[in-house]
Amino acid sequence: MSELSREDLLGIVRDVWEERDPVPEHLVAAMQAAAAVAASDLDLELMELVERSTELAGARGSTAYTLRFVHGDTDLLLRVAVDGDRSRVDGWVVPPEPMTVRALPGEVPAPYAAVVSDSGRFELTGLPLGLLRLRLEPHDASRPAFATPTFEI
Amino acid sequence: MTERLMERRRGATRIMTGIGAVRPAGPADEVWQRATDGFNRWVAGESSGLDDLVAVMTPVLWHVVRSYRLSESAAEDVVQTTWLALVRRRAAILDAQAVGGWLTTTARREAWRVAKATNVAVPADDQDLAPMLPRQRSAEDAVVQRDEGDRLWAAVDGLPERCRRLLRIVAFENRPDYRELAADLEMPVGSIGPTRGRCLAKLRVALMHSGATGTGEY
């Protein structure tokens, strides 16, 4: 007779608790509503593109250019470098502020994120080419997140 | 319950007759992947991503939080606090794969805090009374299901309390942080692994004695 495996046993434990102490019926809907309301306070504010420069093509067909966005007192400088079918973004937030920067390429959500350093620098590497926008999420929870308009790499 | 168990048995048997080292992907793996997908979509601006994340993780949070012996309403509050914390502190989650773990950890901390503050020491709450309530099933099913279900429940419920709590957390979480678990259960860190093993062994024996799963075909 084979022994019940660890996974079998934990599966039984799950089944038993799901049956004996089920999630209250209303709970999921209530939590979805609560989370949605809280999230709606996080409406994004859009940064404004104020400068864009193209640099000469570099070695091996790589190119780079810079972008500058402004939102309130925050300046965001980006240097976007393309190498083959990937790109990297070196960013500089002025004045420096603790925040998380996320890259949102195209329609497909992807896990590109970085934290701004004490000097305001961050980098995102291995990004796919195409449409991209960056969202900046201040760690100071009282500050709303803001995002760049979509730009093309 | 019976059907689900039979299904697992069949699945498990198949695996066992194959390569011994390969374990079937538990439902937990799928839950965690769906949570990550939902989070990614939400971060990308789709509000339905947040809905999906909440739908897939709320049941997990419920079971984790309830293992702290909180009442139903206190447990609901803890789950809600956890979701609000996620929305406010989304920037703290850099690795989308970690969102499930972040949620369960946050929920456990909050549950522990609330349990401590309210000094919960009331074992006879609704979860202990639930088995005594009549359940509505078709008459035919009822005989078999209650039989099987009750035996499984008796085996789990008959475990020492520490085992019951530890196994419930481990069953619903994905690789919980042993350091925090140890503090919550007032056990040394190094003993969590061995204790889990002993608890599983106790459950295995209890199930065999109850006859719930120890039949010849297994």
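In what kind of contact do the side chains of B:R90 and A:E137 meet? They form a salt bridge, with 3.4 Å from N to O; the term covers a side-chain nitrogen of Lys or Arg within 4 Å of a carboxyl oxygen of Asp or Glu. Across the interface of chain B and chain A, the rule finds 4 salt bridges.

The model is a predicted one, where local features need pLDDT of at least 70 and side-chain atom pairs count only at pLDDT 80 or more, while totals for chains, interfaces and linings use all residues. Residues are numbered from 1 along each chain as its sequence is written, chains are lettered from A and ligands numbered from 1 in the order in which they are written, and side-chain values use heavy atoms, leaving out hydrogens and water.

As for the interface as a whole, 61 residues of chain B touch 48 residues of chain A (contact means heavy atoms within 4.5 Å). Together the two chains bury about 5,400 Å², 66% of it on carbon and sulfur atoms; this is the accessible area (1.4 Å probe) lost on being put together, summed over both.

Just after helix 10 of chain B, B:G211 takes a positive phi of about 80°.

How values were computed: Helix = DSSP H or I, 4+ residues; strand = E, 2+ residues; numbered from the N terminus.
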